[in-house]
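Me: I would like to go through some of the labels attached to this model and see what each one rests on. Please set the value against the cut-off each time.

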Amino acid sequence: MTRHETISLQPRLRGDYSATRADYTLDQHHATIPEADHATWRTLYARQSALLPAHAARAYRESLARLDVAQGVPDFEAASAQLRARTGFSLVAVPGLIPDGAFFEHLAARRFPVTVWIRRPEELDYIVEPDVFHDFFGHVPLLGEPAFADFMEAYGRLGQQADRIDALKPLARLYWFMVEFGLIREDGGLRAYGAGILSSSAETVWSTTSPEPRRLRFDITRVLRSDYDIHRIQPTYFVIEDYAELFACLHRVPALLEQARDAAPIPVGEADPADIPA
Ligand SMILES: [Fe+2]
């Protein structure tokens, strides 16, 4: 899930926002997490990690292995200490989705907000709001990749800028397609690195192996103009060659955001004459 938009679509969020600080963070209280929640984590982790060798990007797999979190809901402080040493990122605990402004501020300071609660056992396959499994398993490993970490920090700063020019909607497409649903070419094959893909078993297999979805060469102009649907498996993915190209395109984004804000979007799943297949 992206944090943009979804928060305004959901007036009743599951998390407890009563104990948050002004920046929407709270304490994780790792020691008091119920055993049932750790068991849910282990079930999700075991199922999803079995798919990773064939479908997930190398940097993601290596970083996840280093984090060593197969045994239960991770301790955010321990993970933060490791990430901080590698890329300067740390994790902060939040009750769930937080407002865009607070989210951008955390990213710009190299802090990544991670939801504290985990889905119920009957929700293993799909959940509308991001939980700790999505946020941690999906997003945290790649925060240990230096070029991707640079991109995430810069995205936070861009968010603050986009808000001022009323261009959050096109900017959210960059997060959606490249942070949640991004693919990378490795050794001639397609691998997933996006958090929305890697926290879903069905989408992990579909995005990398099905002949059906449209897979396009990453093009920032195209991404900023592309509508998406949060409630279905994605019909369009963008493929990068390396993480550095995400950061490298950002100097063009402020001008492109204004264009994308004022242009007609490309409808979900549709082709555009300028498309370059990946
Ligand atoms: Fe997410």
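Me: Which residues of H7 are buried?
Reply: In this predicted model, the buried residues of H7 are Val132, Phe133, His134, Asp135, Phe136, Phe137, Gly138 and His139.

Me: What makes helix H7 "mostly covered"?
Reply: A residue counts as buried if 20 or more other C-beta atoms lie within 10 Å of its own. In H7, which spans residues 132–139, eight of eight residues are buried. Their packing partners are helix H2 (35–49), strand E2 (111–115) and helix H10 (195–198).

Me: Why is Pro141 called buried?
Reply: The cut-off is 20 or more other C-beta atoms within 10 Å. Pro141 has 28, so Pro141 is buried. Pro141 sits in the loop between H7 and H8. Apart from neighbours within four places in sequence, Pro141 is in contact with Tyr60, Ser63, Leu64 and Leu67.

Me: How do you know whether Tyr24 and Asp166 are buried or exposed?
Reply: Tyr24 has 22 other C-beta atoms within 10 Å, and buried requires 20 or more, so Tyr24 is buried. Asp166 has 10 within 10 Å, and exposed requires 12 or fewer, so Asp166 is exposed.

Me: What makes the phi of Tyr24 and of Asp166 worth a remark?
Reply: Most residues other than glycine have a negative phi. Tyr24, which is not a glycine, has a positive phi of about 70°. Asp166 is also a residue other than glycine, and its phi is positive, near 60°. Tyr24 lies in the loop between helix H1 (6–9) and H2, and Asp166 in the loop between H8 and H9.

Me: Why are H8 and H9 called roughly antiparallel?
Reply: Helix H8 (residues 146–164) and helix H9 (residues 168–180) pack at an angle of about 160°, and their axes are 9 Å apart. Angles over 145 degrees count as roughly antiparallel, so H8 is roughly antiparallel to H9. The crossing of H8 with H9 is left-handed. On the H8 side the contact is made by Tyr155, Leu158, Gly159, Ala162 and Asp163, and on the H9 side by Leu168, Leu171 and Tyr175.

Me: How do the residues of the contact of H8 with H9 divide by class?
Reply: There are six nonpolar, one polar and one charged. Gly counts as polar and Asp as charged.

Me: What describes the packing of H6 and H8?
Reply: Helix H6 (residues 100–108) packs with H8 at an angle of about 145°, with the axes 7 Å apart. This crossing is left-handed. From H6, Asp100, Gly101, Phe104, Glu105, His106, Leu107 and Ala108 take part, and they meet Met152, Glu153, Tyr155, Gly156, Arg157, Gly159, Gln160 and Asp163 of H8. By class, the contact of H6 with H8 holds five nonpolar, five polar and five charged residues.

Me: What makes the pairing in the sheet E4-E3-E6-E5 mixed?
Reply: The four strands form an open sheet in that order, with mixed pairing. E3 (residues 183–186) and E4 run antiparallel, whereas E3 and strand E6 (residues 236–240) run parallel. Neighbouring strands of this sheet are turned by 40° against each other on average, direction ignored.

Me: Why are E4 and E5 called edge strands?
Reply: Strand E4 (189–192) and strand E5 (214–217) each have a single partner strand, so one side of each has no neighbour in the sheet.

Me: What lies between E3 and E4 in their hairpin?
Reply: Two residues lie between the strands, and Asp187 in the turn has a positive phi of about 50°.

Terms used:
Residues are numbered from 1 along each chain as its sequence is written. This is a predicted model: local features need pLDDT of at least 70, side-chain atom pairs count only at pLDDT 80 or more; totals for chains, interfaces and linings use all residues. Axes are lines fitted to C-alpha atoms, for helices over the stretch in contact, and angles run from 0 to 180 degrees between N-to-C directions. Angles under 35 degrees count as roughly parallel, over 145 as roughly antiparallel, 65 to 115 as roughly perpendicular and the rest as oblique. A crossing is left-handed if the near helix is turned anticlockwise from the far one by less than a right angle, and right-handed if clockwise. Two residues are in contact if their C-beta atoms, placed from the backbone, lie within 7 Å. Two strands pair if DSSP finds at least two bridges between them.
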